[in-house]
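Dear colleague,

Please find the structure below, handed over for your files. My notes on it follow.

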Amino acid sequence: MVTIRYAKDNFELGENQSVLDCLTGHGVPVPFSCRSGVCQTCLMRATGGTPPENSQQGLKDSLKLQNYFLPCVCHPTADLEVALPDDDDVQAVIPATVKSLKLLNPEIMHVVLECHAPIDYRAGQFINLFRDQSLGRSYSLASVPHEDDHLHLHVRRLPQGRVSGWIHEELRPGETVEIRGPGGDCFYIPGNAEQGLILIGTGSGLAPLYGILRDALSQDHTGPIHLFHGSRDLNGLYLTGELHDLVEQYPNFNYVPCLSGEDVPRGYASGRADDVAFQQIPDLKNWRMFLCGHPEMVKIAKKNAFMAGASMKDIYVDAFNVSQSV
Amino acid sequence: MSDQQSLFEKLGGEAAVNAAVDIFYRKVLSDDRISSFFEGVDMDKQAAKQKAFLTMAFGGPHNYSGLDMRLGHAHLVERGLNDSHVDAVIEDLAATLRELNVGEDLIAQVAAIAESTRNDVLGR
């Protein structure tokens, strides 16, 4: 007998019954349309157990890796614990010790955290860092699990930022904080190693990209990788030395620092990072795109990338929405 | 024997839907007659909806009801959605299939299915 667990309820799966029919039969409001694994309207996530492979057909790879599946074509042979994509992730709080704090530029702090329990994440995903129980913010992971011992965050100080201000001014190495996560589907997926990658980020949007970039390089990605990092002026750029070193080390990696302000010295591209990228590479058919940082940039670049030929399934985004309750 | 194949099978099934969805969505977004209806929408959610629509129009499995179509487009009808916009969508759909080298007889069948939703989409 196979049991489907949803929220706090256990449902017995009938013979030849799909997980979708089982859940909707018990009144769980799962949206659906085609009921045959095509339209993806009923997308759910397995939070316990492994969904059968055929229930993941046609899903974006980053969703497959996080155990998303289509319940309408899911006939598991073992128990499954499931959640709707919008359900709050019931993730445990993990304590972490602050190992170091270092300014990367005048407004971005490099935060290194040592977790007290193992955390299974991918470079480019985000965690939530809590100042207290009810006050947390999302920060993207610049570290790579198999390369770095600890978690690395790039925290930009926001005006009146209640968490970023606290991190910049009050937090000290050795202190313990609470985190929850990881989440997000903006990360590198091994496979298709010859595909070209374009990474576009503004400000601390470099954090996920720096992780994704080093993840791809360390997993022997052979296709060209272009990183466009944008800021208004030189002060906003950071890790430029490390990135230039990677250019020396990997012939397939290209780094383009972009400045949108007036004063643009030699060696820097003039203009917004997304504009520079689309000028340099106008045809985006078959490219894999990673767009991170300012929400407006991400929104515009996503549409422009799609219209320039990138497939929707090849566009990964991480928009840094600023919390309204600063 | 091929006469016994369904329209969905003749078109190539799910693989055909996957091949068509990006092309179709791109045409719709760059079509000045209708693109304003898509401003500000979540592109991933919209692509999923386009996929469900194409699956239905290709004669594939679906659970669309006339009521879903009415409810889903009511806010657009309020914003002025009319016959000319439905015409534009059906044209974009046919152009997508031509780009994928689908024969005119099958295109006509797809257009007829799309056409059958017109009154529900326009809420009349």
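**Sheets of chain A**

In this predicted model, chain A has an open sheet of six strands with antiparallel pairing, in the order β9-β8-β11-β6-β7-β10. Its edges are β9 (135-140) and β10 (151-156) of chain A, each of which pairs on one side only. Direction ignored, neighbouring strands of this sheet are turned against each other by 40 degrees on average. Within it, strand β6 (residues 93-105) of chain A is joined to strand β11 (residues 176-183) of chain A by five bridges, in the antiparallel sense. In that pairing Pro95(A) has Glu178(A) of β11(A) opposite it.

There is also an open sheet of six strands with parallel pairing, ordered β15-β14-β13-β12-β16-β17 (chain A). Here the edge strands are β15 (269-270) and β17 (315-319) of chain A, and each pairs on one side only. Strands β12 (residues 197-202) and β13 (residues 225-231) of chain A run parallel and are joined by six bridges. Opposite Gly201(A) stands His229(A), in β13(A). Helix α5 (residues 240-249) of chain A lies across β13 and β14 (253-259) of chain A. The angle between this helix and β14(A) is about 150 degrees.

Strand β3 (residues 44-48) of chain A has two pairings to note. With strand β4 (residues 68-69) of chain A, β3 pairs in the antiparallel sense over two bridges. With strand β5 (residues 80-83) of chain A, β3(A) pairs over three bridges, again in the antiparallel sense. Arg45(A) takes part in both: Tyr68(A) stands opposite Arg45(A) in β4(A), and Ala83(A) is the bridge partner of Arg45(A) in β5(A).

**Helices of chain B**

In chain B, the axes of helix α2 (residues 13-29) and helix α5 (residues 83-99) come within 9 Å and cross at roughly 135 degrees. The crossing of α2(B) past α5(B) is right-handed. On the α2(B) side, the contact is made by Ala20(B), Ile23(B), Phe24(B), Lys27(B) and Val28(B). On the α5(B) side, Val89(B), Asp92(B), Leu93(B), Ala95(B), Thr96(B) and Glu99(B) make the contact. Sorted by class, the residues in this contact are seven nonpolar, one polar and three charged.

**Ser6 of chain B**

Ser6(B) belongs to the segment before α1 (7-11) of chain B. Is Ser6(B) buried or exposed? Ser6(B) has 12 other C-beta atoms within 10 Å, and because exposed residues are those with 12 or fewer, Ser6(B) counts as exposed. The C-alpha atoms of Ser6(B) and Val86(B) are separated by 25 Å, the two residues being 80 apart along the chain.

Regards

Note on methods:
Residues are numbered from 1 along each chain as its sequence is written. Chains are lettered from A and ligands numbered from 1 in the order in which they are written. This is a predicted model: local features need pLDDT of at least 70, side-chain atom pairs count only at pLDDT 80 or more; totals for chains, interfaces and linings use all residues. Axes are lines fitted to C-alpha atoms, for helices over the stretch in contact, and angles run from 0 to 180 degrees between N-to-C directions. Helices (H or I, at least four residues) and strands (E, at least two) are DSSP runs, numbered from the N terminus. A crossing is left-handed if the near helix is turned anticlockwise from the far one by less than a right angle, and right-handed if clockwise. Two residues are in contact if their C-beta atoms, placed from the backbone, lie within 7 Å. Ala, Val, Leu, Ile, Met, Phe, Trp, Tyr, Cys and Pro count as nonpolar, Asp, Glu, Lys and Arg as charged, and the others, Gly among them, as polar. Two strands pair if DSSP finds at least two bridges between them. A residue is buried if 20 or more other C-beta atoms lie within 10 Å of its own, exposed if 12 or fewer, and partly exposed in between; C-beta atoms are placed from the backbone.
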